[in-house]
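Please look at the sequence and the 3D structure below, and then read the report that follows, which begins with one residue and its surroundings.

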Amino acid sequence: MTNIRDAARRRRVAFPRVGGRHPRGLAALAAAGVATAALGVVSVAPAGASSRPTVVKAVETDFHIALSKRTFSPGKYTFVAQNKGQVTHSLEITGPGLSNAKAKNISPGHATKLTVTFKKGAYDVFCPVPGHKMLGMNVNIVVGGASTTSSGGGTTTTSHSGGYGY
């Protein structure tokens, strides 16, 4: 371990002299300052705050949207929309506090990003290309509540019970 004065000289930190001697308290304080300068400044964000958005994959096919995340909390999200279909798609999100949350058109085999900030409430994630939402490219999410639901692209599954022979 190096001497504090040697470290201070390398960092060009001067220790004040009191009565011809370096007081230990000031030396320790200066050493702490040298260590802080060497490590850099660390900032602490409030609990729950994040500077980076949560990434959600939105895989679009003909005619379905599959999200990589099923539950959402209020906060910032980046949707990476991938078009794995045969026709052009896009991605739009509507809900509380959102305005013009729409990605550019995505050619087959390509992807784009859309970043939004969700508040608590219900949102609609869909393809805004005319007719695609109606064909099943629609996912409803509730932020701060239940998991996502998706429309089925024209396929309906019905479960029967009670001895009807189905």
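## His132 and its surroundings

Leaving aside neighbours within four places in sequence, His132 is in contact (heavy atoms within 4.5 Å) with Phe63, Val87, Thr88, His89, Cys127 and Met137. This is a predicted model, in which local features need pLDDT of at least 70 and side-chain atom pairs count only at pLDDT 80 or more, while totals for chains, interfaces and linings use all residues. Residues are numbered from 1 along each chain as its sequence is written, and side-chain values use heavy atoms, with hydrogens and water left out.

His132 is placed in the loop between strand 6 (121-126) and strand 7 (138-143), where strands are DSSP runs of E with at least two residues, numbered from the N terminus. Because its relative accessibility is 8%, His132 counts as buried (under 20% relative accessible area, with a 1.4 Å probe and protein chains only).

## Aromatic pairs

Rings of Phe, Tyr and Trp (its six-membered ring) pair if their centres lie within 6.5 Å, and planes under 30 degrees apart count as stacked, over 60 as edge-to-face and the rest as tilted. By this rule there are 6 aromatic pairs. In one of them, the rings of Tyr77 and Phe118 have centres 5.2 Å apart and planes at 40°, so this pair is tilted. Tyr77 belongs to strand 3 (residues 75-83) and Phe118 to strand 5 (residues 111-118), so that the pair links distant parts of the chain, 41 residues apart.

Tyr77 is buried, with a relative accessible area of 4%, and Phe118 is also buried, at 2% relative accessibility. Phe79 and Phe118 form an edge-to-face pair, with 6.0 Å from centre to centre and 70° between the planes.

Note on methods: Helix = DSSP H or I, 4+ residues; strand = E, 2+ residues; numbered from the N terminus. Buried < 20%, exposed > 50% of the residue type's maximum accessible area, 1.4 Å probe, protein only.
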